[in-house]
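User: Hi, I'm new to this one. Can you walk me through it?

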Amino acid sequence: MSILKIEDLTLIFGKEKEEALSLLKKGSTKAEILKETGCTVAVKNAAFEIEKGEFFVIMGLSGSGKSSLLRCLNRLIEPTSGNVILNEVNITSLGDKELQNVRRKEMAMVFQKFGLLPHRTVLENVAFGLELQDIPEKEREEKAKKVIELVSLQGYENQPTAALSGGMQQRVGLARALANEPEILLMDEAFSALDPLIRTQMQDELIDLQKTMHKTIVFITHDLDEAIRLGDRIAIMKDGEIIQIGTPEEILTNPATDYVSSFVEKVDRKSIITAASLMFEKPTVAIFRKDGVEGTLRKMRSSGLTALPAVSTDKEFLGFVYLKDILEIKAKGHHTIEAAIITDIPVAYPETTVETMLPFIAENGRAVPIIDKDTRKLLGIVAQTSLLIETTGTSWENITGNSIDNLQNEII
Amino acid sequence: MIHIGPYIEQFINWLTLHFSGLFDAIKIVVESIVNGVEWVFMFPPFYVIILLIAFLAWKRTGMGVTILTLFGLTLIWAMGYWSQTMATLALILSSAFIALLLGIPVGIWAAKNPMAKKIIRPILDFMQTMPAFVYLIPAVLFFGLGKVPGAFATIIFAMPPAVRLTTLGISQVPEDIVEATRSFGATSRQLLFKVELPLALPTILAGVNQTIMMALSMVVISAMIAAGGLGEVVLKGITQLKIGIGFEGGISVVILAIILDRITQSFGSKKVKISD
């Protein structure tokens with residue numbers, strides 16, 4: 001069941017919002033609306049649902065409207081039209097008091113610039129959300145101490161936050177959000193201001209925390225690598241519109257527009273792409289007890305391959321047969337291919353990543369067999385070339401032709 | 001020729017006529033505050049006051065200011081201007097107190113409301129640039145002669161920096177901190193008292209310092225309407241062309257000014273740890 005539902009959400013900045021909104025409904029472009037009304041369309045018809053416990057990442061470059069969209073969820077910015085529905089309650093129509101309650105109990109936010117109170121200690125900062133709820137000092141300090149431990153800040157409780165490093169400050173920011181025990185965590189470029197090394201470390205820790213917390217997280221980033229590392233699903237935004245929503249792999253293997261693919265090209269795909277998406281599903285196989293030595297040779301000849309996977313009649317993967325072995329046993333007068341089947345072959349499963357499959361191809365010119373974990377049936381093969389293309393991030397068309405322009409664009 | 005003067009005159013007369021009750025009430029309140037403060041300074045022997053102020057200077061600042069306080073105040077006493085100095089100090093502190101009491105909330109309002117800011121700004125400019133003597137006239141019309149009209153003129157003259165620096169301090173609170181506070185469900189009240197005011201405090205305290213200094217300069221001028229104190233000494237020097245007396249009064253004002261400035265400035269400096 002979805003915990004958070006965004007319906008047709010539009011955000012317009014400027015004076016003549018109503019006019020801009022009606023123009024938008026009539027199908028005018030952003031540029032036209034800006035020209036006619038002087039209004040900027042920051043978010044246009046955003047609609048998506050987030051599941052309970054999901055790590056949902058909204059990715060886009062600066063000016064894409066991602067941070068504005070996030071602020072519409074807890075109404076730090078009022079959306080111009082549309083609904084934000086949290087647990088079947090329409091946030092957009094709440095009064096001040098109820099909205100404060102949602103902010104206090106159900107949604108907590110972590111900021112790029114941390115937003116900590118410099119005149120307070122770490123402990124006081126972490127307990128700040130609880131203080132706003134008028135929870136007695138003792139109780140809130142107890143809670144805050146637990147969360148401080150969770151983000152490994154113990155020992156820093158009485159330090160002023162201004163004395164801490166960026167990574168430490170963001171731990172305080174995260175702890176402050178967690179102390180409220182919110183259902184939803186809104187994270188606005190939470191790690192973008194940190195050094196690359198610290199950032200990776202914080203990402204790892206967040207992933208670990210999420211394994212035990214199972215919070216619903218909406219995470220904003222401009223970094224696709226970060227989005228892919230963290231997100232269960234990613235929404236890609238451009239010019240205020242969501243142009244694709246999907247799992248990291250869906251986005252990498254099936255980018256919806258040229259814009260998305262231009263991003264995807266730069267991503268390190270090895271650890272994301274799995275066998276399932278590279279698999280060639282109906283490979284030529286030698287079927288044991290059906291294809292004899294002659295039949296196998298014929299298949300090799302017609303397909304031009306020197307090695308074929310061997311399967312049983314009910315498609316169970318047995319191993320590989322090689323041309324030279326077949327010829328050898330043919331000379332010895334064998335009729336079945338049994339003697340030629342090499343069984344000592346590493347296999348992969350549909351969910352195996354390219355990264356894990358890479359060592360297999362180092363061995364020899366053989367495709368990687370992909371089998372079902374339970375039934376051990378052969379599902380397909382992944383060709384060596386596909387693995388290499390995924391690893392290097394280049395394909396033939398990229399090397400040979402039109403991609404020079406793209407490369408130049410990237411450099412610019 | 002256009003004469004605005006008569007209209008202003010009519011307006012002030014109308015105010016005096018219709019609001020005399022209000023002015024009387026204000027007079028009683030302000031008078032009792034000023035007299036009360038003056039009594040506090042005059043009741044103990046002079047050396048107790050000197051030691052107390054020196055102790056405060058030593059706590060808040062360094063050795064230099066402490067020594068200056070001890071010597072300066074003793075010099076004032078030795079010159080025979082102790083009671084005038086205490087009268088001036090009482091008038092400064094009570095006027096500044098009232099100016100802050102009115103000015104800080106107005107400053108908060110201006111920081112929160114752009115429209116209010118637009119209206120208040122020119123009024124503040126007006127209040128600050130109008131020659132200070134001009135305030136003395138309506139002050140006398142409303143309150144007669146004495147300390148209260150002196151305090152009234154001083155409050156008007158000394159309030160602008162309190163308003164301005166409060167507004168500045170609050171607008172300077174980083175937007176990300178305000179946003180974070182709101183995102184955790186803070187009410188406007190919580191935002192103001194738990195975040196904005198504590199963060200704006202150094203700037204507001206700079207405003208307090210300015211207000212006190214402006215009050216000091218005005219208090220001297222208001223001797224012209226019989227507010228008493230050191231201003232009276234200076235005025236006597238001017239009217240009777242007695243340079244000696246004028247100079248002694250002047251030096252006493254300078255000593256008081258330096259002590260007040262150093263001590264109040266120490267509250268606004270960044271070394272001060274703000275806690276709640």
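This is a predicted model: local features need pLDDT of at least 70, side-chain atom pairs count only at pLDDT 80 or more; totals for chains, interfaces and linings use all residues.

User: OK, how many residues does helix α6 of chain B have, and how far does it reach?

Analyst: α6(B) covers residues 114-129, which is 16 residues, and spans 23 Å from first C-alpha to last. That is close to the expected 22 Å, the expected span being 1.5 Å times one less than the number of residues.

User: Is α6(B) buried or in the open?

Analyst: Largely in the open, because the number of buried residues in α6(B) is zero. Buried takes 20 or more other C-beta atoms within 10 Å of a residue's own, exposed is 12 or fewer, and partly exposed is in between, with C-beta atoms placed from the backbone.

User: And Ala54(B), buried or exposed?

Analyst: Ala54(B) counts as buried because it has 21 C-beta neighbours inside 10 Å. Its place is in helix α3 of chain B, residues 46-60.

User: What does Ala54(B) contact, leaving aside neighbours within four places in sequence?

Analyst: Thr66(B), Thr69(B) and Leu70(B). A contact means that the C-beta atoms, placed from the backbone, lie within 7 Å. Ile67(B) is 13 residues from Ala54(B) in sequence, and their C-alpha atoms are 7.6 Å apart.

User: Switching topic: how many residues are in contact between the two chains, A and B?

Analyst: 15 residues of chain B touch 16 residues of chain A. On the chain B side, α9 (175-183) and α10 (188-221) each supply at least two residues, and α9(B) gives the most, with six.

User: What classes of residue are on that side of chain B?

Analyst: Eight are nonpolar, four polar and three charged. Nonpolar covers Ala, Val, Leu, Ile, Met, Phe, Trp, Tyr, Cys and Pro; charged covers Asp, Glu, Lys and Arg; the others, Gly among them, are polar.

User: Last one: which domains does UniProt place on chain A?

Analyst: Its unreviewed entry places "domain: ABC transporter" at residues 4-264 of chain A, a stretch that is 43% helix and 24% strand. UniProt also places "domain: CBS" at residues 279-337 of chain A, where the chain is 34% helix and 22% strand. UniProt positions follow the numbering used here, feature names are shortened, and annotations may be inferred rather than shown by experiment.

Methods:
Residues are numbered from 1 along each chain as its sequence is written. Chains are lettered from A and ligands numbered from 1 in the order in which they are written. Helices (H or I, at least four residues) and strands (E, at least two) are DSSP runs, numbered from the N terminus.
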